[in-house]
Amino acid sequence: MGMTDVLIVGAGPTGLVLACDLARRGVAVRIVDRSPAPPRTSRAKGPNPRSLEILDDLGVAEEVLAAGSAPLPMLKYRDRRPVAEADPWADSAPSPDARYDRGWLIAQWRLEGILRDRLAGYGVRVEPGREVVGLAQGRDGGDGGHVDVTYADGQAGRARYVVGCDGAHSSVRKLLGITFEGTTAEDQVMVCGDVDLADGVLDRTRWHQWFDEDGAVMLCPIPGTRTGWWFQAGPERDGRGRPLAPTADGFRRLLAHHTALPGRDLTRAELLSTYRVNVRMADRFRAGRVLLAGDAAHVHAIAGGLGMNTGIQDAFNLGWKLGLVLAGHADAELLDTYEEERLPVAARTLDLTSERLRATLEAIRRPGGGLDAAITPDTTGLGAGYRWSSLAAGDRAPQAERPGPHAGDRAPDAPCADAATGVRTRLHRVFAGPRTTVLGFGPGSAAVLRETADTYGGDTGVRVCRVYAAHEDRAGAEPGAMVDDAGHASAAYGTGTSGDTGAGTVVVVRPDHHVGVLAPADDARSVREYLRRLHGTGRSAERSPGMVDAVR
């Protein structure tokens, strides 16, 4: 029975993002799913801006953008007549610190296909039809522990860690006996499906929303299809007011009742499901060597489209931590910071989505109200950070005292140029790939960067990047140095005119693009201690036995 480093249970977006992140680190990963074939289900409508940044880091954002479409203006109807149009993104635009200002529409099965292809490029394929029915944590002589896994077909496996990404009905969570506290609103029900409409009967440049006093129908075109639409509606109900299960004929009746289209225009209905508002959260995200991510750890109201996105962001938080622990750089305690950071984010997301749902239900009671009520700056994911985390080190400056991010916040993007070649790039491209980045602003940062490069050079998973102001002398600039020619990086990080004074600032950016340390350049100790916690002592540990090369 071979040992794998990480077994991922569940091959939805959360599991696939985690698998890609681990595979590119050289971690031995397996990913299994109980479905015999990838489901073509109608679920999430696409990644939000923060998830697009993560997909960009994984190298698939361009493909995702090409396969989907920008979010569409919403055309709202009452009594079958159009009454209002709203484009929640009309006033937003990319900014220097955030390349993606809006989410993207793409069918979930299409996104999963792109991630599976990326994963196959690392030599890892999803193993379908494998259901986990048993987990037992054991200890080995040498390396401290493993999990024995039993599958429904009687086969067994062994992994150093197991991550349950297997959805709201997670077998992994149930096997661990972790409670899933919360509520299910039996009366807040929506029926959903993928449908085909007769060609040309509805404008495919709009998301159509009919809200009437006795129900609603929403139709959003599925990108990459000619006649495919996402169908969502209030359910038909029986004589006692109980919701009926969705059927193709039921969809036709709902269409004819709420819209000006005849039922026969709905030519196909598949992947029918009933969505109930579930607001639940696991009371812990880790039990020893088994962790939970995505819907297995938390489910919430659909408003704002944060379900899949929160899962993708869970995976991106967990992947680098598992990678550094498995490589022997960091202690296993680093894994405790996954729950420490993501559980409060999940709890806040539960509150936010419930509030957005309440606002939406309120809005649609009035003619012209619609789903745009669910979209707020909070739903981009760009503001989520971890200031409370034990990994948010040495941020002693009072909030109001300085501009720029604090330890724990998302590290801003900024356009810049390669110091050697002049080629245009962005800081997030500098951060991309599974490494920790140490940015140095101002001449005073040179010493810390040099010390860091000496200690962690080679393949230890740390890179240094000097960011030069436009007016600074760049003679002898190190490879990989950047020029902040328009001042956007210095503005984003609040380093001001440090280049003038000879002082400087050092920023340690974690592999998931969050700030770990933001310190004056003469505070080499903070940088040293932080890197030691994540990456060990550097070169001295590089050739110790049993090490996995963290960056292949």
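**Figure 1. Valine 507 lies in strand S22, which covers residues 505-509.** The model shown is predicted. Valine 507 is buried, with a relative accessible area of 0%. Leaving aside neighbours within four places in sequence, the residues in contact with valine 507 are Thr437, Val438, Leu439, Phe441, Tyr493, Val515, Val517 and Leu518. One of these contacts, threonine 437, is 70 residues away along the chain. The C-alpha atoms of valine 507 and threonine 437 are separated by 8.1 Å.

**Figure 2. The whole protein has 14 helices and 23 strands.** The chain has 552 residues, and 56% of them count as buried. Consider contacts between residues at least 6 apart in sequence: 70% of these join residues at least 24 apart.

**Figure 3. Helix H1 (residues 13-23) packs with helix H4 (residues 108-120).** Two numbers describe any packed helix pair: the angle between the axes and the distance between them. Here the angle is about 20 degrees, and the axes are 9 Å apart. An angle under 35 degrees counts as roughly parallel, and H1 and H4 are therefore roughly parallel to each other. Their crossing is left-handed. From H1, the contact is made by Pro13, Leu16, Val17, Ala19, Cys20 and Ala23. From H4, Gln108, Glu112, Leu115, Arg116, Arg118 and Leu119 take part. By class, the contact of H1 with H4 has eight nonpolar residues, one polar and three charged.

**Figure 4. The buried residues of helix H4 pack against several elements.** These elements are H1, strand S2 (29-32), H2, helix H3 (61-67) and H7. Which residues of H4 are buried? They are Gln108, Leu111, Glu112, Gly113, Ile114, Leu115 and Leu119. In an α-helix there are 3.6 residues a turn, so residues three or four places apart point the same way.

**Figure 5. Helix H7 (residues 307-326) is largely enclosed by the rest of the structure.** At 1.5 Å a residue, the 20 residues of H7 should span 28 Å. Its end C-alpha atoms are 28 Å apart, in agreement. Glycine 328 follows H7 and has a positive phi, near 85 degrees.

**Figure 6. Arginine 50 is found in helix H2 (residues 49-57).** Is arginine 50 buried or exposed? At 4% relative accessibility, arginine 50 counts as buried, because the cut-off is under 20%.

**Figure 7. Aspartate 79 and arginine 80 sit in the loop between S3 and S4.** Strand S3 covers 74-78 and strand S4 covers 81-86. Most residues other than glycine have a negative phi. Aspartate 79 has a positive phi, near 55 degrees, and is not a glycine. Arginine 80 is not a glycine either, and its phi is positive at about 75 degrees. Arginine 80 is partly exposed, with a relative accessible area of 41%.

**Figure 8. Serine 95 is found in the loop between S4 and H4.** At 29% relative accessibility, serine 95 counts as partly exposed. Serine 95 and histidine 488 are 393 residues apart in sequence. In space, their C-alpha to C-alpha distance is 9.9 Å.

**Figure 9. Helix H10 (residues 446-456) packs with helix H13 (residues 524-535).** The packing angle is about 25 degrees, with axes 11 Å apart. That makes H10 roughly parallel to H13. The crossing of H10 and H13 is right-handed. H10 makes the contact through Val448, Glu451, Thr452 and Tyr456. On H13, the residues are Ala524, Val527, Arg528, Leu531, Arg532 and His535. By class, the contact of H10 with H13 has five nonpolar, two polar and three charged residues.

Notes
Residues numbered from 1 in each chain as written. Predicted model: local features only at pLDDT ≥ 70, side-chain atom pairs only at ≥ 80, totals over all residues. Heavy atoms only, no water. Axes fitted to C-alpha atoms, helices over the stretch in contact; angles between N-to-C directions. Helix = DSSP H or I, 4+ residues; strand = E, 2+ residues; numbered from the N terminus. Parallel < 35°, antiparallel > 145°, perpendicular 65-115°, else oblique. Left-handed = near helix turned anticlockwise from the far one by under 90°. Contact = heavy atoms within 4.5 Å. Nonpolar A, V, L, I, M, F, W, Y, C, P; charged D, E, K, R; others polar. Expected span 1.5 Å × (residues − 1). Buried < 20%, exposed > 50% of the residue type's maximum accessible area, 1.4 Å probe, protein only.
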